[in-house]
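Trainee: I am new to this structure. Please show me how to read it, one feature at a time.

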Amino acid sequence: MSLLLTPLNSGERPIPFDELVAKVKAELPETLPRDLNEILIALDVDGTILLPEGASERVLEAFHALNESGATVVIATGRGTEGVRPVWRHLEADTGWSVCSNGAVAAHWSPTFDDGVEILRTHTFNPAPVIDRLCEAMPDIYLGVEVHKGFLISRTFPGPVFFEDTWVRDLQELRQTLTPRLVAMTEDMEIMEFEASIREMGIGDIAQYAVGWTTWVDIGPKGCTKATGLQDLADELGIASNATIAVGDGMNDIEMLTWAAHGVAMGSALPEVRRAANAVTGSVENEGAAAVMCALMERARE
């Protein structure tokens, strides 16, 4: 399974892993419970737990050890539910929780469920007003609306950018389809120009959006973020607010890093993302997410 949506390595200098774990552990708040059965940790996917080639051995070991310790480990991602399936394969797991589509969809995964997953909740919105603004400002825009099992797209996107199935449909069908996520991309702009254009259209006035590391934007229901999806899941599972941790690197992680009792930005994160966090770990190539998981387990054993 291609991981072309995963950012390239950051080029961060190598950091000894033990040194990184010690730094992360020292920064954990005293108010965080030591009993891992009380902890919820939300992990972003691309650029956080996955390299372009997949999960490292250290991330795999830490992920499984933390799950076995009793912690609630949640995959929190902009990917749709079907885009999370290959994540579980990379993690060599088939059971767990995910907050998908930037918080619009929550899912529980287990081989005991039909198709391996139970959708707990889905928030949708009417994409028509956003599509109209995008098409007016960028006539050559590529559009896709998330549906069950895949995306309805306005035309074939350049390159293998979807993990899910896609079906080309006319624009009117896309406009009329309630969706948890609208995606759009262009090949004709630089990212700063693209970000400025999205902002100037006033998309944020009518929907929630996050621009990725390329000229790609995820758009969802207004007020729906990874943070709101995680809060709903924490409430359902009885996780206290002081027992939440989030790890991420992207602009769509800012809300969850602020929401968590302890937000940790990856070393490759943009300055805006770092500012939203309580601490910074190593980049994905330095296995910064594994360092957070190992630090939690070391602290619990003390």
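Trainee: On the other side of α1, which residues are exposed?

Mentor: First, the ground rules. This is a predicted model, where local features need pLDDT of at least 70 and side-chain atom pairs count only at pLDDT 80 or more, while totals for chains, interfaces and linings use all residues. Residues are numbered from 1 along each chain as its sequence is written, and side-chain values use heavy atoms, with hydrogens and water left out. Now the terms: buried means under 20% relative accessible area, exposed over 50%, and partly exposed in between (1.4 Å probe, protein chains only). Helices (H or I, at least four residues) and strands (E, at least two) are DSSP runs, numbered from the N terminus. In this case, Asp18 and Ala26 are exposed on the other side of α1.

Trainee: Which residues of helix α1 are buried?

Mentor: In α1, residues 17-27, they are Phe17, Leu20, Val21 and Val24. Seen down the axis of α1, these buried residues fall within an arc of 100 degrees, so they line one face of the helix. That arc is taken from the directions from the helix axis to the C-beta atoms.

Trainee: What covers the buried residues of α1?

Mentor: Look for contact, meaning heavy atoms within 4.5 Å. The cover includes α2 (57-68) and α11 (288-301).

Trainee: How do I read the sheet, and in what order do its eight strands run?

Mentor: Strands of a sheet pair through backbone hydrogen bonds, either parallel or antiparallel. Two strands count as paired if DSSP finds at least two bridges between them. Here the open sheet has the order β5-β4-β3-β2-β1-β12-β13-β14, with mixed pairing. β5 (117-122) and β14 (279-280) stand at the edges, each with a single partner strand, so one side of each is left without a neighbour in the sheet.

Trainee: In which sense do β3 and β4 pair?

Mentor: β3 (residues 96-100) and β4 (residues 105-109) are antiparallel, over five bridges. Serine 98 stands opposite alanine 107 in β4.

Trainee: Is valine 130 buried or exposed?

Mentor: Valine 130 belongs to helix α4 (residues 128-137). Its relative accessible area is 1%, so valine 130 is buried. Leaving aside neighbours within four places in sequence, valine 130 has contacts including Phe125, Leu182 and Ile203.

Trainee: Where is threonine 177 found?

Mentor: Threonine 177 sits in the loop between α5 (171-175) and β9 (182-185). At 15% relative accessibility, threonine 177 counts as buried. Beyond its neighbours within four places in sequence, threonine 177 is in contact with residues including Phe125 and Pro127.
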